[in-house]
Amino acid sequence: MLSRLTGSLLLAAAVLGGAAATLPGQPARASQEAAAGAPGARPHPVVLIGIPGLRWSDISGPATPALWRLAGSGSVGSLVVTAVQTRTCPADAWLTVNAAARAAVPRPKSGPCPPLPAVTPAGGGTARVPAMPALAGYNKRFHYDPDWGLLATAAGPGRCAGAVGPGAALALAGPGGRVGDYLPGLAGGWRSAIRNCPLAVVSLAALPGAGPGSAGGPARAAALRAADRAAGQVIGAAPAGAIVVVAGLGDDVAAQLRAIIVSGPGYARGELASAATRHPGLTLITDLTPSVLRWRGRPVPAAVVGSQLTAARRGPLAATVRGLTGQDTGAQVYRSTLAPFFLAFGFGEGLVFGLITLALRGPAKRRRRAAAYRVAGVCAGAVPAGTFLASLVPWWLLPHPALLLQAMALGWAAVIAAIALAGPWRADPFGPPGFIGAVTVAVIGLDVMTGSRLQLGTPFGLSVLTAGRFYGVGNNALGVYGIAGILAATWAGGALAGRGRRPAVLAAAGVALFTVIASGWPSFGAKVGGTIAMVPAFLVVLAAVAGVRLSPRRVLAVVVSGLLLVTAFALVNYFVPGTGPSDIGAFVGHVLHGGAGGILQRKVSANVGSLTTTVFSPIIPLVVIGAGALLAWPARLGLRPLAQAYRLAPLLRPALTAMWLIGLLGWLADDSGITVAAAALPLALPLAIVIVSGVRSAEPAPGPASAGQPRVTL
């Protein structure tokens, strides 16, 4: 039975794969790409201008006329400059562009960014960055495997790559620090270098710091005018047919989305996109180097993680820029409200349940206490789905976006909770929690399958500035999503148990298949750790619904089932055209071509590092281990109500065990580590209390006719 269930997961993955590439929300290749870097296209000269700190709120017709004109004729987007740390100094950004991999220079954890490394003229127009060998050694600890000097190879054999300014020298330096053609600034023969070299990189001065939401002061305004004049000179000197890029390469005092403009063949009046993000207008700093290589007709090494920048048609420039500015607003709301949200959510739940326990303690008030638990738990469980549904309205474009997000999230949560508590399933202890789980899985799963539009900026969603992932189920939602799927599958299987074993198994398996495919299929979520965690957990529930006893051999099959399915997904993604690029398939490429070791080291390091993210993080493993012990031996550890509930509802133990497996395996298998369990606890604990208290309250009071005859049949 278990082997057939596992096989059905693989079969469903293959069947859905053909449709995956054509669903709405998947990034389509723009028709302009053929003219700007597709295989066989004519190489174009490339001019890259870096203005560290530049963001879209800086750019306007009156303030920066040259940049505004370039944006009007070209394609525009937001640039995520995150490298090794969330706040990226200009030197970090130039090094990242140099090697097409995240890189950084040594610096203290706080305080101003260090100056750019010194550049020493070496005669004959060449120069050297003496610090380059030391920087290469320093970056080995991050395991991103940078290919030093890769950007400079875009010029082509025997062709010059001109560097103007110290940042440009850092971008074009080879592993030993040599720069073939260098000018310290826009003086002397810089126009000749830009016109004669097929690749020219110009670094302008970093803009003075300005915090999020601030327009800056007089110093920033003056620096912007100077940068605009300099950029206008360089743009005017670019050769005919060149692709000109202006990018905000680096942060100022805080991490923010930066502006990027690409103008030239294939990029007329468009909005930029990247397969690495799958979101219109959103691009990564690691997309720049592979894009330049393709524009120049040069091969892109298999180990490069970025994607070529593409462009799709856009509307009026002012409206597009407003949307790009809103992307940064959403990112700042996430950054500033995440910690307060989870503290209020977690501690608020504990306070409410504690007050209910104190106010309604005693056997005589058991039913009233269970009713209060049910209302409180269902309301709390509806919050995650409510936060995603809040993004159906573009709150990031409206006044007071943080307040609006929270208000709409609570409003949606209230609607979901009211339906859960009032529906025809309300008498079933698994009913309201199962409905909450079904809604949560449907909202997150359908969103992931159609482009992950609801994910960005919401508390359980994805952080743009962290740049971990931009599609699929995020770290904060992984445990919530998996546990919601377990609740929905248990509810579906239990509700149909009276019609026979086959309908019950099919209903639970349908929920499991949808949940796993939406999260793990490469064209959808491409979530490795989540798939490894969810498949064994669902098999535990399916075995219970099917009446299959888990022998030691079957337990081993359950444990490895998630890993086997992930391997199948990865191989399909890598070898079958049309499934779209994703991290899950890229890992197969790294295994085949080298570089997988660095990825695994980063994942392990991130997992271990999650234990020190906050002061509460070290407590979570103890909670997970303690919860496992309580679920396994409730009577021995004094949790007699749970032991009693196990006897009354046979599906309760496997359901709670599966929920626990989601937290445990998600912690061990996902690079977000203990964050999976931590974010899931505010959903798992209240809904588990709702189920257990509902099961016990459904038991008839002992009497001559009813003793030993519970109403619960699950």
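Begin by selecting Cys 89 and Cys 113, which form a disulfide (a pair of cysteine sulfur atoms within 2.5 Å) with their sulfur atoms 2.1 Å apart. The pair links distant parts of the chain, since Cys 89 sits in the loop between β2 (75-80) and α3 (90-99) while Cys 113 sits in the loop between α3 and β3 (120-123), 24 residues apart; helices (H or I, at least four residues) and strands (E, at least two) are DSSP runs, numbered from the N terminus. This is a predicted model, in which local features need pLDDT of at least 70 and side-chain atom pairs count only at pLDDT 80 or more, whereas totals for chains, interfaces and linings use all residues. Residues are numbered from 1 along each chain as its sequence is written, and side-chain values use heavy atoms, with hydrogens and water left out.

Cys 89 is buried because its relative accessible area is 1%, where buried means under 20% relative accessible area, exposed over 50% and partly exposed in between (1.4 Å probe, protein chains only). Cys 113, at 23%, is partly exposed.

Next, select Cys 160 and Cys 197, which are joined by a disulfide with an S to S distance of 2.0 Å. Cys 160 lies in the loop between α4 (132-138) and β5 (161-164) and Cys 197 in the loop between α6 (190-196) and β8 (199-203), so the pair ties together parts 37 residues apart in sequence. Both Cys 160 and Cys 197 are buried.

Finally, move to Gly 482 in helix α14 (residues 475-495). Leaving aside neighbours within four places in sequence, Gly 482 is in contact (heavy atoms within 4.5 Å) with Met 534 and Ile 662.
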